[in-house]
Amino acid sequence: MIVSNETINEEKLQKANDIIVRLQNELKDYITKGHGPFLAAIYDENGKLIAQTANSVINENCSNNHAEMNAIREAERVLNTYDLSLYNLSLYVTSEPCMMCLGGIMWSGIKAVYYGVPSKRVEEITGFDEGFKPDWFNEFKKRGITVYGNIAQEAGEDVLYDYVKKGNTVYKPER
């Protein structure tokens with residue numbers, strides 16, 4: 001079931017579904033090149049792709065190289081600014097952003113977030129700790145950030161199951 005922090009707009013939802021399904025399909029290729037099981041893309045209000053990046057924690061040995069953080073860094077580089085709010089950008093990601101990525105999204109100036117697999121399912125399938133995220137939908141709404149979630153969830157779950165089944169690394173710090 002689709003979740004959102006605004007009344008669902010069918011046009012936004014259809015566009016997000018198309019993009020997230022494409023990302024889920026492309027993610028399979030990124031995984032074969034050693035990337036983690038998440039892919040993010042940032043588009044401007046006219047539908048122009050600004051940045052698209054995969055999770056690169058394992059292959060670049062950097063714990064903050066999540067797909068969303070990589071996409072934000074790339075968009076800032078492309079647009080030559082740390083303040084993405086000037087461009088009315090939307091982030092599309094194959095799974096719900098984790099705790100770290102939510103902070104990065106909020107501080108970057110991204111205006112909308114659309115995601116596939118919810119955190120609860122990511123944790124059940126992969127064992128990755130998504131972090132503590134109290135009432136983030138409403139917190140984003142207070143800050144003018146639109147959120148739509150659970151988009152093309154089944155396709156995303158299939159990619160995550162395949163990632164784990166093939167024995168790819170699910171990074172977790174030792175506790």
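Predicted model: local features only at pLDDT ≥ 70, side-chain atom pairs only at ≥ 80, totals over all residues.
Residues are numbered from 1 along each chain as its sequence is written.

**Exercise 1.** Determine how the axes of α1 and α7 are arranged.

*Solution.* Step 1: locate the helices. Helix α1 comprises residues 10-32 and helix α7 residues 153-165; helices (H or I, at least four residues) and strands (E, at least two) are DSSP runs, numbered from the N terminus.

Step 1: consider the axes. They come within 9 Å and cross at roughly 15°. Axes are lines fitted to C-alpha atoms, for helices over the stretch in contact, and angles run from 0 to 180 degrees between N-to-C directions.

Step 2: classify the angle. Angles under 35 degrees count as roughly parallel, over 145 as roughly antiparallel, 65 to 115 as roughly perpendicular and the rest as oblique. Therefore α1 and α7 are roughly parallel to each other.

**Exercise 2.** Identify which residues of α1 and α7 meet, and sort them by class.

*Solution.* Step 1: list the contacts (heavy atoms within 4.5 Å). From α1, Q24, L27, K28 and I31 meet A155, G156, V159 and Y163 of α7.

Step 1: sort them. This contact of α1 with α7 has five nonpolar, two polar and one charged residue. Ala, Val, Leu, Ile, Met, Phe, Trp, Tyr, Cys and Pro count as nonpolar, Asp, Glu, Lys and Arg as charged, and the others, Gly among them, as polar.

**Exercise 3.** Describe the packing of α5 and α7.

*Solution.* Step 1: helix α5 (residues 119-126) packs with α7 at an angle of about 25°, their axes being 9 Å apart. The two helices are therefore roughly parallel to each other.

Step 1: R121, V122, I125 and T126 in α5 meet Q153, E157, L160, Y161 and V164 in α7. By class, five residues of this contact are nonpolar, two are polar and two are charged.

**Exercise 4.** State whether N150 and A152 are buried or exposed.

Step 1: N150 has a positive phi of about 70° although it is not a glycine. A152, also not a glycine, has a positive phi of about 50°.

Step 2: buried means under 20% relative accessible area, exposed over 50%, and partly exposed in between (1.4 Å probe, protein chains only). With a relative accessible area of 14%, N150 is buried; A152, at 18%, is buried.

Key. Heavy atoms only, no water.
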